[in-house]
Amino acid sequence: MIKRFSIRIKLIAAFIIIGVFPMLLATYIGVEIASGRLEKGIEERINYAGKSAVYLIAKKKTELEGVARSFSGDPRLRKVIQGGVNIKFLWFDTPLQVYLFNHENHMIFTSTGEKFTRPKNPAEGMTLLRTQSGSEPWPLLVFLLPVSDQGRPIGTIMTGYPLGNEFLNDLKSVTGVESMLFKQDPSGGYFSIDTKGRLDLPDEILKSVATHGRQAFTKSSRIRLEEKEEEYHALLTPLPDADGRVSYILFNGISSSETLSRKLASTRFYYILIFIGVLLSVIAGSALGTGISWPILRLSSGVKAISAGDYNQKIQVRSRDEIGELAGSFNLMTDRLKATIAKLVENQNYTENMLRSLLNGVMTIDPDSMIIRINRSTENILNLPAERMVGKKISAVFDQDPSILAWIQEGLERRQVKEGMETILHRRDGAIIPIELSLSPLEDPVRPAGSKTGLVVLIRDLTEIQALKEHIRRQDRLAALGELSAGIAHEIRNPLGIIKGAAGILKKDSSSQPPRFDELCSVILEEVDRLNDVINDFLEFARPRPPQFKPQNINELIRGTIQMTALQIEKNKICIHENLKSDLPLIMADEHQIHQVFLNLILNALQATDQGDSLEITTRHLKELNQIEIIFADTGIGIPEDNLNKVFNPFFTTKEQGTGLGLSVVSKIIENHHGKIFLASDAGRGTRFNIHLPVAEKFDSADQEDAVRTGSAK
Ligand SMILES: Nc1ncnc2c1ncn2[C@@H]1O[C@H](COP(=O)(O)OP(=O)(O)OP(=O)(O)O)[C@@H](O)[C@H]1O
Ligand SMILES: [Mg+2]
């Protein structure tokens, strides 16, 4: 995972990169220059020490010569040399060493107690002697001055100055540089007289100093001391002796550890400078970073709060830079967003209230038959809570009503408006209610043209309307009774008139010939039969005989009726589908009356269908209601909407030979059986009757056996 760095950290880092790196570079250059200078200074100091040594030696030489010369003029000294004065009384006022030799070169006086053989060369002049002063082999700088008396040599005066510790300390006190003396050993190397170390020099330098007697500067004179090894910047000054051999080397140098510590001391300043610089950069970067990142953090937290739904956010940024401007725009945007959302909420509430106030159920469905939204009336009509519908497929809600599902599916596919489809809804709680459905495609301007749209389904509960209709129907029936009486009177008066006429003729003409007599008798009998039929039907409707309830197998009754009408079915070339559920519970019914119901419905269907049409008869058990449902659905001519209310009225017929009593008798019988009949029809497409009859709850086993016997006998 990539680690996120805050703007503040980035700014501090930028500051360090921009501010500290150049500073480091400058410091590096500064340190380099400073150490260059330091090295140069060291070199100068060493050179100065070399020159001082040469100067000191030269000064000592002058002193040595001066003292020797001043003594040579002293007559007492001559006498001493010639042996005339006791040596014990000799006194020299000089810090230098004084030695006297007689003409045979024997030492006759020494101020130090050390004895020498007079060096042969030079006869007169300066030279360096290798002596052993105490334990240290310090070189002795001497001036030899032969003394003569009237042209005859009587001896030699020698003044001496040891180039020992005192000399070296004097030198150091003047130059501040370490001074050491190295003496040549028999192997040709040089060892320090006092520090017991060896001088380790590159060959060419040694050659230059020892062979040519030149001063040489070296940056890497290594001295192997007994305890440690040290590197030196040094100036080597050769000190040749009487033979011209460089037996001693004067060494003036500064050790590299001292050089380093000096370097460190001088660069420490720069390091402190860097530290302060870095510190200032971090503080400045941090302050600037905070200054820049704070308003951004405010903006960010404001955006977060808005995304969490808090539109009252105001970002307080006082800076007048781009971030300040951004904060201003942000606040403006928040205000507008707030206003827009308030408007949206208002609109939504309005829509919600409107939907809630609607008495009709409203259901919106997406192109995949998924229920998107419903209103409260839908919940009431279907008696299902919203959560059991919203987000579910319509098939899960209307699973008991395949016809409703088919309609909705067709509406989705064809994207067409369908209005006022009356049907029966089987609710989950078992209730069966009449409803009216209207479908219309869901308008969605955002959707690209031609793409699939959803559907708005309006559901109207027709229970009350149906009850009202039923009431009106009853009223109509009463009113119809008047008409009926007139109809009956008319129906009866006609045959009666005919019968009266025939009887009158028979009475008047008792000699009527048999053919005429037979004819009149036939007319009378026919008309009496017709009268009888009319009266029977009428009585069935007006004062039906009470049903003789017995347990009945409904499927058997249906099959019996179909068998009775088989001839006519065959003649009309109608297809009958028997969709009869087996193992149905028995019902309590009057066999004859129920048979009459089925017969009427089948005959009506046969009269309404044409060759090739079909009639489907379905039976099923509605467990929740404990009822049997019988459905007669044909694909015939259907019933025009205007007639739907009238078909159950007595004497309403659209047929020439019909009495219009069939359906009124059917509804009466069903009513007497505590059942219900529902009609749904689409003019031109077909008609469906749903009959619900209660299941026989308690009857004795004798009845059941009887019913089974009756059912199987048919
Ligand atoms: N299955 C059906 N298809 C189309 N229309 C029907 C159907 N059943 C009934 N009807 C209509 O309802 C009217 C009334 O029917 P009903 O059975 O009461 O009388 P009818 O059939 O006309 O006469 P009857 O039954 O006395 O011979 C019919 O005339 C017909 O217009
Ligand atoms: Mg009929």
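**Cavities, pocket and ligand**

Mentor: This structure holds three cavities of 30 Å³ or more. Keep in mind that we are looking at a predicted model.

Trainee: Good to know. What volume does the largest cavity have?
Mentor: The largest cavity comes to about 50 Å³.

Trainee: And which residues line the largest cavity?
Mentor: Its lining is made up of Gln400, His426, Arg427, Gly430, Ala431, Ile432, Leu622, Glu624 and Leu625. By class, that lining has four nonpolar, three polar and two charged residues.

Trainee: Let's move to the open side of things. What is the volume of the largest pocket?
Mentor: The largest pocket has about 860 Å³. Its lining counts 32 residues, and the closest to the pocket centre are Asn604, Gln607, Thr653, Lys655 and Leu663.

Trainee: Which elements give two or more residues to that lining?
Mentor: Those are α14 (591-608), β21 (627-634), α15 (662-672) and β23 (686-694). Helix α14 gives the most, with nine residues.

Trainee: How does the pocket lining divide by class?
Mentor: It divides into 15 nonpolar, 14 polar and three charged residues.

Trainee: Now the ligand. Which residues come nearest to ligand 1?
Mentor: There are 19 residues around ligand 1, and Thr653, Thr654, Lys655, Thr659 and Leu663 come nearest.

Trainee: What about polar side-chain atoms by the ligand?
Mentor: Lys655 has a side-chain N or O atom 2.7 Å from an oxygen atom of ligand 1. For Asn604, a polar side-chain atom lies 2.9 Å from a ligand 1 oxygen atom.

Trainee: Changing topic: why would you call helix α12 largely enclosed?
Mentor: Helix α12 covers residues 554-564, and eight of its eleven residues are buried, so the rest of the structure largely encloses it. The buried ones are Ile554, Asn555, Glu556, Leu557, Ile558, Gly560, Thr561 and Ile562.

Trainee: And what happens at the start of α12?
Mentor: There, a side-chain oxygen of Asn553 reaches to within 3.1 Å of the backbone nitrogen of Asn555.

Trainee: Then comes Thr565, in the loop between α12 and α13 (566-572). Is Thr565 buried or exposed?
Mentor: Thr565 counts as buried because its relative accessibility is 5%.

Trainee: One last thing: what is the phi of Lys573?
Mentor: Lys573 has a positive phi of about 55° although it is not a glycine. Most residues other than glycine have a negative phi. Lys573 sits in the loop between α13 and β18 (575-580), and with 51% relative accessibility it counts as exposed.

Trainee: And Asn626?
Mentor: Asn626 has a positive phi of about 55° too, and is not a glycine. Asn626 lies in the loop between β20 (614-622) and β21. At 26% relative accessibility, Asn626 counts as partly exposed.

Note on methods. Residues numbered from 1 in each chain as written. Chains lettered and ligands numbered in written order. Predicted model: local features only at pLDDT ≥ 70, side-chain atom pairs only at ≥ 80, totals over all residues. Heavy atoms only, no water. Buried < 20%, exposed > 50% of the residue type's maximum accessible area, 1.4 Å probe, protein only. Helix = DSSP H or I, 4+ residues; strand = E, 2+ residues; numbered from the N terminus. Polar contact = N/O pair within 3.5 Å; in protein donor to acceptor, adjacent residues only side chain to side chain. 1 Å grid on protein atoms, 1.4 Å probe; cavity = no way out; pocket = protein on both sides within 12 Å on 5 of 7 lines; lining within 4 Å. Points joined across faces, edges and corners; volume = space filled by probe spheres on them. Nonpolar A, V, L, I, M, F, W, Y, C, P; charged D, E, K, R; others polar. Near = heavy atom within 4 Å.
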